[in-house]
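Subject: Structure handover and notes

Hi there,

Here is the structure I promised to pass on to you.

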Amino acid sequence: MKIGILGLGTVGGGVVNVLSKNHQEISRRCGSDISIEIAAVKDLKQKRICSTDGFKLTENSNDVVNHPDVEVVLELIGGTSIAKDLTEKALKNKKHVITANKALIAKHGNELLKLAKDNSVSILFEASVAGGIPILKSLGQGLTANKIDLVAGIINGTGNFIMTEMKEKGRDFDDVLKEAQALGYAEADPTFDIEGIDAAHKLAILASIAFGVELNFEAVSTEGISQVDPEDISIADELGYIIKHLGVAKKIDGRIDTRVHPTLIPKKRLLANVNGVMNAVLIKGNAVGPTLYYGPGAGDEATASAVIADLVDLVKGTHSNDEFCWKQLEKANYIEKDNVESIFYLRILASDKPGVLADITSILAKHNISVESVVQKQIDADNNAHIAIITNKILTKEMNKAINEIQAHDYITGTVKIIPVETLD
Ligand code: HSE
């Protein structure tokens with residue numbers, strides 16, 4: 001099998017290194033040799049993490065997608081413009097494509113899968129979700145007997161690394177982000193990591209495979225980690241929770257809910273203990289029950305591991321995205337954001353005077369919201385009480401109505417903070 005590589009950055013370099021160091025093992029598993037024919041790079045003179053001996057290097061990507069001997073193109077450039085154009089060219093030239101590009105699949109996967117099918121080739125993308133964890137293969141192969149009703153995961157390594165370092169070591173946000181960039185974890189545009197867009201790309205892919213529906217990135221409601229306040233981390237801790245940036249996809253009565261946001265999860269859950277660049281995905285199937293997948297969510301060789309697993313599957317003809325490629329996927333019915341039910345954490349800043357807490361809880365009660373736990377943290381220099389409340393499960397629209405009502409009172413001295421809670425039981 002002769003391959004061509006588009007991009008020799010973190011992931012491309014990792015693929016070359018892993019193919020070289022595990023050459024014998026990979027060939028044994030494939031039953032044939034994989035050889036790199038050509039690789040395209042932006043700048044021939046740039047320093048790389050891998051050796052480029054033994055294959056041709058070019059600055060012209062078309063040399064890869066048009067190469068007559070190349071059977072598989074590895075798209076490891078990222079982004080959705082040049083990468084999309086080159087992926088389309090490769091598929092039209094009847095070359096299989098393996099990509100680590102979650103943005104490309106989440107946004108254009110439906111049309112690219114159709115293009116692959118029309119040209120009798122495959123497009124595989126294990127590395128696009130959760131780095132080195134073989135999560136798409138688990139869904140597509142190991143869990144095929146199940147109806148899936150929940151996928152919940154920490155699926156952005158950079159975000160989890162930042163939140164862990166801030167919580168454990170009190171480090172500064174920007175300082176940790178710089179380290180994540182130096183380690184090759186972060187996206188070219190790190191706001192994709194911080195604002196949850198990268199996790200939303202990945203969640204759209206997971207939901208599509210888990211529920212057998214078309215890819216729909218636009219349906220994922222997305223909130224990042226930039227608004228997570230150290231005070232909420234510490235109050236959540238006191239209440240028995242950890243705040244994680246979670247992607248959640250649920251199927252409830254045939255309707256789908258997909259969202260990415262900071263989430264309180266009970267400390268005793270395994271997901272609560274997933275730290276640093278590690279990712280983890282919880283999947284609940286109606287036959288197997290809950291299953292959990294854990295591993296590095298970013299990094300050169302971890303991501304290369306997933307890219308090469310697709311390559312081996314392709315050589316052996318055992319890849320599992322046939323149902324994804326060849327059969328008609330359903331159009332999904334999504335639950336409107338207002339009608340999503342959740343438990344909520346509220347943090348309210350109010351003047352410290354008699355009757356305030358009673359008034360807040362009576363507004364909640366009027367909207368049929370009961371208080372599961374409450375703490376009043378401290379009175380600050382301006383005589384503000386910091387009140388944190390965990391509610392029962394309630395429709396988002398009811399919660400919002402109650403918050404608007406609370407917010408309108410003149411004893412409220414700051415914007416009411418609201419974070420969803422997932423018990424994951
Ligand atoms: N920027 C991504 C992350 C890379 O941090 O998870 C892996 O998709």
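Let me start with the cysteines. Cysteine 50 counts as buried, at 9% relative accessibility; buried means under 20% relative accessible area, exposed over 50%, and partly exposed in between (1.4 Å probe, protein chains only). Cysteine 30 is buried too, with a relative accessible area of 9%. Across the whole structure the search finds 0 disulfides, a disulfide being a pair of cysteine sulfur atoms within 2.5 Å.A word on how to read the model: it is predicted, so local features need pLDDT of at least 70, side-chain atom pairs count only at pLDDT 80 or more, and totals for chains, interfaces and linings use all residues. Residues are numbered from 1 along each chain as its sequence is written, and side-chain values use heavy atoms, with hydrogens and water left out.

Now to the ligand. Which residues surround the ligand? They are Lys102, Asn156, Gly157, Thr158, Tyr185, Ala186, Glu187, Asp193, Asp198, Lys202, Gly297 and Ala298, where a residue is near a molecule if one of its heavy atoms lies within 4 Å of it. By type, the shell divides into 3 nonpolar, 4 polar and 5 charged residues; Ala, Val, Leu, Ile, Met, Phe, Trp, Tyr, Cys and Pro count as nonpolar, Asp, Glu, Lys and Arg as charged, and the others, Gly among them, as polar. Two helices, α7 (157-169) and α10 (197-211), each supply at least two residues of this shell. Helices here are DSSP runs (H or I, at least four residues), as are strands (E, at least two), numbered from the N terminus.

There are polar contacts to look at as well (pairs of N or O atoms within 3.5 Å; within protein, one must be able to donate a hydrogen and the other to accept it, and residues adjacent in sequence count only if both atoms are side-chain atoms). A backbone N or O atom of glycine 157 sits 2.7 Å from a ligand oxygen. In the side chain of glutamate 187, an N or O atom is 2.6 Å from a ligand nitrogen. Lysine 202 places a polar side-chain atom 2.8 Å from an oxygen of the ligand. On its own the ligand has 260 Å² of accessible area, and the protein covers 94% of that (Shrake-Rupley method with a 1.4 Å probe; for residues, only the protein chains shown count as cover).

Next, the overall layout. The chain is assigned domain 1 (2-131 + 301-324), domain 2 (135-295) and domain 3 (341-421), with bounds from an automatic or database domain assignment. Between domain 1 and domain 3, the C-alpha centres are 51 Å apart. Helix α6 (residues 135-142) is largely enclosed by the rest of the structure, because 6 of its 8 residues are buried: Ile135, Leu136, Lys137, Ser138, Leu139 and Gly140.

Most residues other than glycine have a negative phi. Aspartate 253, in the loop between β9 (241-252) and β10 (255-266), has a positive phi near 50° and is exposed, at 76% relative accessible area. Asparagine 383, in the loop between β14 (371-379) and β15 (384-391), has a positive phi near 65° and is partly exposed, at 41%.

Finally, threonine 191 belongs to helix α9 (residues 191-194) and is partly exposed, with a relative accessible area of 40%.

Best wishes
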